[in-house]
Amino acid sequence: MTKTHKVHCDCNAVTATMEGQPKVHAFCHCADCRELLQVPYHSVLAWDSEQVNITKGKGKVVEFQHPHKRMTRIFCQLCGDILYNTNAAGWKLVSQLMFMKCNDNNLPEGYQSNAHFFYDRRIVDIDDPLPKK
Ligand SMILES: [Zn+2]
Ligand SMILES: [Zn+2]
């Protein structure tokens with residue numbers, strides 16, 4: 001059985017649907033994520049490209065291609081809300097904050113972060129028991 005989850009933008013014009021379990025669920029402290037998304041660190045839920053699709057409002061979606069990194073962010077042209085971003089590996093990354101906002105403030109089992117990546121590049125210290133890589 002394949003589990004399906006959805007996220008939608010603030011104005012509800014665009015919906016993205018994710019199929020199956022995320023392959024990575026973690027916090028990423030790398031400079032690329034911070035710069036692309038303007039966050040102190042990225043709370044990542046990562047799926048393979050074909051597992052995440054825009055299922056409503058395709059015509060309202062804007063894809064911003066970073067000028068020199070192989071990263072994009074996919075957002076709604078009406079409200080500016082970011083549905084997901086992509087990285088050089090072609091993964092599609094939905095933020096946990098976005099996911100929770102659209103799913104009763106809840107992260108299902110197997111979606112909670114289990115590690116901090118690129119912790120040595122952090123700009124904020126995190127005091128939690130998760131492994132720091
Ligand atoms: Zn919108
Ligand atoms: Zn990152």
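## Ground rules

Strands here are DSSP runs of E at least two residues long and helices are runs of H or I of at least four, both numbered from the N terminus. Two strands count as paired if DSSP finds at least two bridges between them.

This is a predicted model, where local features need pLDDT of at least 70 and side-chain atom pairs count only at pLDDT 80 or more, while totals for chains, interfaces and linings use all residues. Residues are numbered from 1 along each chain as its sequence is written, with chains lettered from A and ligands numbered from 1 in the order in which they are written.

## The overall picture

The protein has ten strands and two helices. Reading from the N terminus, the elements go β-β-β-α-β-β-β-β-β-β-α-β. The radius of gyration is 14 Å, close to the 14 Å that the globule rule gives for 133 residues, so the protein is as compact as a globular protein of that length. That radius is taken over C-alpha atoms, and the rule is 2.2 Å times the number of residues to the power 0.38. Along the principal axes, the C-alpha atoms fill a box of roughly 40 × 40 × 25 Å.

As for burial, 31% of the 133 residues count as buried. A residue is called buried with 20 or more other C-beta atoms within 10 Å of its own, exposed with 12 or fewer, and partly exposed in between, the C-beta atoms being placed from the backbone. Contacts are pairs whose C-beta atoms, again placed from the backbone, lie within 7 Å. Among contacts between residues at least 6 apart in sequence, 56% join residues at least 24 apart.

Seven strands make an open sheet with mixed pairing, in the order 6-7-8-9-4-3-10. Strand 6 (61-65) and strand 10 (116-117) are the edges, each pairing on one side only.

Strand 7 and strand 8 pair antiparallel over four bridges, and they form a hairpin with five residues between them, where Gly80 in the turn has a positive phi of about 85 degrees. Strand 8 (residues 82-86) in turn pairs antiparallel with strand 9 (residues 92-95) over two bridges. That hairpin also has five residues between its strands, and Gly90 takes a positive phi near 85 degrees. Asn85 makes a handy landmark: Arg73 stands opposite Asn85 in strand 8, and Asn85 stands opposite Leu93 in strand 9.

Strand 8 is mostly covered, with five of its five residues buried. Strand 9 is covered on both faces: Lys92 and Val94 on one side and Leu93 and Ser95 on the other are all buried.

## The strand 1, 2 and 5 group

Strand 1 (residues 4-8) runs antiparallel to strand 2, joined by five bridges. The two form a hairpin with six residues between them, and Asn12 in the turn has a positive phi of about 75 degrees. Strand 2 is also joined to strand 5 (residues 52-56), antiparallel, by four bridges.

Strand 2 has Ala16 and Met18 on a covered face and Thr15, Thr17 and Glu19 on an uncovered one.

## The core

The largest nonpolar core has 28 residues, of which Cys28, Val44, Leu83, Tyr84, Leu93 and Val94 touch the most other members. Such a core is a set of buried Ala, Val, Leu, Ile, Met, Phe, Trp, Tyr and Cys residues joined through C-beta atoms within 7 Å. Elements supplying at least two residues each include strand 3 (24-28), helix 1 (31-37) and helix 2 (96-102). Strand 4 gives the largest share, four residues. Leaving out residues up to four places away in sequence, Cys28 touches Cys33, Tyr41, His42, Val44, Phe117 and Phe118.

## A look at Arg73

Arg73 sits in strand 7. Arg73 is partly exposed because 18 other C-beta atoms lie within 10 Å. Beyond its neighbours within four places in sequence, Arg73 contacts Leu36, Leu37, Phe64, Ile82 and Asn85. Met98 is 25 residues from Arg73 in sequence and 14 Å away in space, C-alpha to C-alpha.

How values were computed:
Contact = placed C-beta atoms within 7 Å.
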